[in-house]
Amino acid sequence: MRELVLDKGWTAEVLVRAAGSGEPIAGAELLAGHVSATSDGKGLALLTRLVGEIELDVGAKGWTRQQLRIADDGSARVQLTIELQQGGAIEGRIDDDIGDPVAGAAIEIRSLDDALLAETRSDARGRWRIEGVPEGDVRIRAEPPPGLEAVLAPVEERTDVIRGEVTSDVRLRFDRQ
C-alpha cells in the first residue's frame, strides 16, 4: 500500500501600497502559482493553500509590476508589504515594410541601461499595449514573429514614459533584411 502525505500549505497576507505615500492600493492583482487574489479597499489580499517557495507577481493598473520569491517562515502565515511605484502605459502598432500589421511580434520595453521593464506581443492588427511601465526614457525593441525572422529585421525606437499618462501612437516598422 502506498502512503500519501498531504501538505495543508501556508497563507500569505499581503498589504499592497503606494511607495512613498503608503496609501493602500485597491484592486491589485496577486498571482502565486495556482493561487490568485485581488487586494481590497485597505490594500489587503490573502493567498491561501500555498506550498513550498513560490513566485509572487503583483500588479495594478497604472502601477509597476513587482515579482518576488516568498516561502513559509515556519509560522504557516506570512505577512508582507509590497510597495508599487506609479507608472505609465505605452501603446502602439507594428507594421512590415509595406504597411501591413504584423501579428505576434515580440515587443520589449527596456531602460536606457538595458534592464527589461516589460514585454508583450502584438495582436492580429499589429497593436500592443503595456501598463505599469516606470517613468523615464525607454527603448522599445521589436523582434519579428517566428517564421519572419529571415525576412524582417528587428527594430528599435526610443521614447519616454510619463507617470500616470499613456504614451500612445508609437509606430514601429520592420524593414526587410
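Me: What does the side chain of S111 make a polar contact with?
Reply: The partner is the side chain of D113, at 2.2 Å. A polar contact is a pair of N or O atoms within 3.5 Å; within protein, one must be able to donate a hydrogen and the other to accept it, and residues adjacent in sequence count only if both atoms are side-chain atoms. This is a predicted model, where local features need pLDDT of at least 70, side-chain atom pairs count only at pLDDT 80 or more, and totals for chains, interfaces and linings use all residues. Residues are numbered from 1 along each chain as its sequence is written, and side-chain values use heavy atoms, with hydrogens and water left out.

Me: Is S111 buried or exposed?
Reply: S111 counts as buried because its relative accessibility is 13%. Buried means under 20% relative accessible area, exposed over 50%, and partly exposed in between (1.4 Å probe, protein chains only).

Me: And what is S111 in contact with, leaving aside neighbours within four places in sequence?
Reply: S111 is in contact with L117, D137 and R139. Contact means heavy atoms within 4.5 Å.

Me: Changing topic, where is G126 found?
Reply: G126 is in the loop between β10 (116-121) and β11 (127-133). Strands (E, at least two residues) are DSSP runs, numbered from the N terminus, as are helices (H or I, at least four).

Me: Which residues does G126 touch, not counting those up to four places away in sequence?
Reply: G126 touches G92, R93, I94, P101 and V102. G126 is also buried, with a relative accessible area of 0%.

Me: How far apart are the C-alpha atoms of G126 and G104?
Reply: They are separated by 7.7 Å, while the two residues are 22 apart along the chain.
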